[in-house]
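We will go from stop to stop, with something to select at each one.

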Amino acid sequence: MMGLRDGSRLRVLLAEDNAFEARLIVGVLRQLGIGNVDHHRDGAGAIGAVTPDGVPFDLVISDWNMPESTGLDLLRHVRAIWRHTPFLMLTAHATVDFVRLAKANAVDAYMVKPFSPRDLASRITQLVSP
């Protein structure tokens with residue numbers, strides 16, 4: 001897995017309540033050279049990190065199902081403030097309703113769990129590369 005050019009300058013917001021999956025995602029980000037990760041274990045914390053006067057993240061990665069607020073809540077909040085920030089939604093159940101709702105709220109990409117580190121790295125690279 002190769003690192004991203006200028007990966008150390010990227011800021012990523014991660015919303016994932018599962019500790020194992022969060023470690024896997026942070027590990028993939030580090031292998032890509034991205035060390036600046038703001039990790040929240042629930043949607044409410046992640047929503048609190050997205051403010052109109054804050055510095056936009058370069059990528060948001062969020063689980064769909066989390067305590068407090070869902071990934072869909074976070075997606076809607078991010079889109080209301082930072083319209084063009086790449087957003088990767090993770091889900092264990094890619095139902096027709098999930099896909100419809102995610103697309104209706106301008107998600108950039110989604111991945112179905114479980115996924116391989118290689119597939120995750122590839123998707124992240126696609127989202128943050130110019």
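**A tour of the aromatic rings**

Begin by selecting Trp64, Phe98 and Tyr110, which together form one aromatic cluster. Keep in mind as you look around that this is a predicted model.

How are the two rings arranged? Their centres are 5.3 Å apart and their planes meet at 85 degrees; an angle over 60 counts as edge-to-face, so that is what this pair is. Colour by secondary structure and you will see that the pair links distant parts of the chain: Phe98 belongs to helix 4 (residues 96-104) and Tyr110 to strand 5 (residues 109-112), with the two 12 residues apart.

Now show the surface. Is Phe98 buried or exposed? With 2% relative accessibility, Phe98 is buried, while Tyr110, at 28%, is partly exposed.

Stay with helix 4 and select Phe98, Val99 and Ala102, the buried residues of this helix. They lie on the same side of helix 4, because the arc they cover around the axis is only 95 degrees. Show their surroundings, and you will find these buried residues packing against helix 3 (71-81), strand 4 (87-91) and strand 5. Then turn to the other side of helix 4, where Val96 and Ala104 are exposed.

Step just past the end of helix 4 to Ala106, whose phi is positive, at about 65 degrees.

For the last stop, select Arg11 and Phe57. Here the charged end of Arg11 sits over the ring of Phe57, 4.2 Å from the ring's centre.

How values were computed
Residues are numbered from 1 along each chain as its sequence is written. This is a predicted model: local features need pLDDT of at least 70, side-chain atom pairs count only at pLDDT 80 or more; totals for chains, interfaces and linings use all residues. Side-chain values use heavy atoms; hydrogens and water are left out. Rings of Phe, Tyr and Trp (its six-membered ring) pair if their centres lie within 6.5 Å; planes under 30 degrees apart count as stacked, over 60 as edge-to-face and the rest as tilted. Helices (H or I, at least four residues) and strands (E, at least two) are DSSP runs, numbered from the N terminus. Buried means under 20% relative accessible area, exposed over 50%, partly exposed in between (1.4 Å probe, protein chains only). A charge sits over a ring if NZ of Lys or CZ of Arg is within 6 Å of the ring centre and within 35 degrees of the ring normal. The arc is that of the directions from the helix axis to the C-beta atoms. Contact means heavy atoms within 4.5 Å.
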